[in-house]
Amino acid sequence: MTDADSRRAINDAINALKRFVNSRQLDAVHAARSGVPLNLVAIGILYRVIRHGPIRPTELAGLADIQPAALSRQIRILEEIGFIVRVGDAEDGRVSFVEATEAGRTAHARFAAANDALLAEHLKDWTAEELTALAEQMQRLVADLRGARRETSANHRADAAGS
């Protein structure tokens, strides 16, 4: 296989993984196994709020790599079911933060456990070495792709500034 063929195969695998991860069927499996009625985007937002909160929505959008309008929708969903709350800044009333509730922390833990069990079930024939190698290669791929995206964004900003 040539390098170009390998890159096409990687791209095909990324696209297949993206379709799988974004499927409503996977959301339904996660919800059924965990009892948490959230899609993967909302779970990702909840995770970042737990890990980094209290946090301003603008900072959260950057961490989650999500557009502000889409983030507002996810925040509203998480608020409505009681997994996060908005809190005001004592020093500046115009500023608000979001933070996870105990119910949100519990829901995330249930979801994470169900997701781990699902992965363990589907990857049961993989050796520990294979799993480690895959995890390392996927992390490297994500880091390299994020670096390429940052370079592209920086180049667009520089081109716009020079226009």
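Leaving aside residues up to four places away in sequence, Gln-74 touches Asn-39, Val-41, Ala-42, Ile-45 and Ile-66, where contact stands for heavy atoms within 4.5 Å. The model is predicted, so local features need pLDDT of at least 70 and side-chain atom pairs count only at pLDDT 80 or more, while totals for chains, interfaces and linings use all residues. Residues are numbered from 1 along each chain as its sequence is written, and side-chain values use heavy atoms, with hydrogens and water left out.

Gln-74 is placed in helix 5; helices are DSSP runs of H or I with at least four residues, strands are E runs of at least two, and both are numbered from the N terminus.

| Residue | Relative accessible area | Class |
|---|---|---|
| Gln-74 | 8% | buried |
| Trp-126 | 37% | partly exposed |

Buried means under 20% relative accessible area, exposed over 50%, and partly exposed in between, with a 1.4 Å probe and protein chains only.

Beyond residues up to four places away in sequence, Val-49 touches Ile-55, Leu-60, Ile-84, Val-98, Glu-99 and Ala-100.

Trp-126 lies in the loop between helix 6 (102-122) and helix 7.
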